[in-house]
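Dear colleague,

Please find below the structure that I am handing over to you. The findings follow directly after it, and I would be grateful if you read them with the model open.

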Amino acid sequence: MTGTKVDANSGSQIARLGERVLLGGQISRNEALTLFNLESSADIFDLLAWANRIREHFKGNKIHLCSIVNAKAGACSENCSFCAQSSFYQTGSPKYGFVDPEPVQEAAEEASKNSVTAVGLVAAWKGLNEGPLLDEVCDRVRELKASGKTRPDVSLGIIKNQRIADRLKEAGVECYGHNLESSRRFFPKTCTTHTYDDRLETIGYLKKAGIKICSGGIIGMGETREDRCDLAFSLKEIGANVVPVNILNPIPGTPFEKNDPLPVLEILKTIACFRFILPRQEIMIAGGRTVNLRDAQSMIFMAGASALMVGNYLTTLNQPVEKDLQMLKDLGLDPSWDNHGFSDQEEGSCGSGKESCEAETVAG
Ligand code: SF4
């Protein structure tokens, strides 16, 4: 990956694509692939600098913080190869039923103290059907919303009809987490108990209900750069509002337990490529950040990330939220959001606070 050869041509190609995105244009899949395939550290740092400019242009200095509550842990019927909570693997992950109101309120309290915009209730199960459990989920969402402390988000797996999505919307869900995980091509290597199309169908119901979509994936599962590129274009196609990028933290007992970690520059380059492809989206660095990036964590913002999952993950630990807040402060980044909402991602507006940007009126 690293090298000393500096190629002036790739530098000017990165600049040409970066300028185009800044001016409101898009890059093609082939152009994106040339970015994913950059090898020298000089080229990668060039790419990061452009991704940082794109982030600053569309997002200003705001960083969205999210946290999650494991609302139902372990014993999941699905066989996702990266997951500690699947019943297919012996991982020692905790198991419990759907969460009571108290831990959710405590998480909301903690979140609001730390400038965290949203708390997501995440359940380890295949999906949600109509019935008493859906009633209980809607109760937790209403309680969280009524507290006024954070935005109540959820990640509840596969939804099989429109009525369920509509009920979640009525209860107050604004954003639903449902990752595509990887490219359509690579997906069967991560899971065989449900399909890519099941996931797309769920996203369709949610969008129709008027719920925003938090959808991304995991890198470091053995996928190729092409798979990462195709995932980013699929996320663009479905209109994901928030794009979590997780970096595999291999869990002993799962099929991916022996996967080699991705090099740090490969991770940062991937985030930067996502920023080029998805200039207006919230690109959120989620699971696996601390363990994979170590001292390079703060560079995710230079790579174009505009959101951060803070606090502990579902089954693994993160660095303390105070450390993350200090990191943002040191970089002049601002995690405060007044209304727990989304920055505008529509064409014709940008995160810089201006009504519209002159640059966005220029075709790329
Ligand atoms: S990722 Fe979700 S659906 Fe897959 S095994 Fe884990 S909890 Fe179940």
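Tyr 89 is buried, its relative accessible area being 15%, where buried means under 20%, exposed over 50% and partly exposed in between, with a 1.4 Å probe and protein chains only. This is a predicted model, in which local features need pLDDT of at least 70 and side-chain atom pairs count only at pLDDT 80 or more, while totals for chains, interfaces and linings use all residues. Residues are numbered from 1 along each chain as its sequence is written, and side-chain values use heavy atoms, with hydrogens and water left out.

Phe 88 is partly exposed, at a relative accessible area of 45%. Rings of Phe, Tyr and Trp (its six-membered ring) pair if their centres lie within 6.5 Å; planes under 30 degrees apart count as stacked, over 60 as edge-to-face and the rest as tilted. The count by this rule is three aromatic pairs. In one of them, Phe 88 and Tyr 89 have ring centres 6.3 Å apart and planes at 50 degrees, so this pair is tilted. Phe 187 and Tyr 196 make an edge-to-face pair, with 5.6 Å from centre to centre and 65 degrees between the planes. Phe 187 is buried, with a relative accessible area of 3%, and Tyr 196 is buried as well, with 5%.

Another ring has a charge over it: Arg 53 lies over the face of Trp 50, 5.1 Å from the ring centre. The rule asks for NZ of Lys or CZ of Arg within 6 Å of the ring centre and within 35 degrees of the ring normal.

Two backbone angles deserve mention. Ala 75 is not a glycine, yet its phi is positive, at about 55 degrees; Ala 75 is partly exposed, with a relative accessible area of 44%. Glu 181 also has a positive phi, near 75 degrees, but Glu 181 is buried, with a relative accessible area of 7%.

As for the ligand, Cys 76, Glu 78, Cys 80, Phe 82, Cys 83, Ser 86 and Ala 124 surround it, each having a heavy atom within 4 Å. This shell divides into five nonpolar residues, one polar and one charged (Ala, Val, Leu, Ile, Met, Phe, Trp, Tyr, Cys and Pro count as nonpolar, Asp, Glu, Lys and Arg as charged, and the others, Gly among them, as polar).

Finally, the protein chain has 364 residues, of which 58% are buried.

With kind regards
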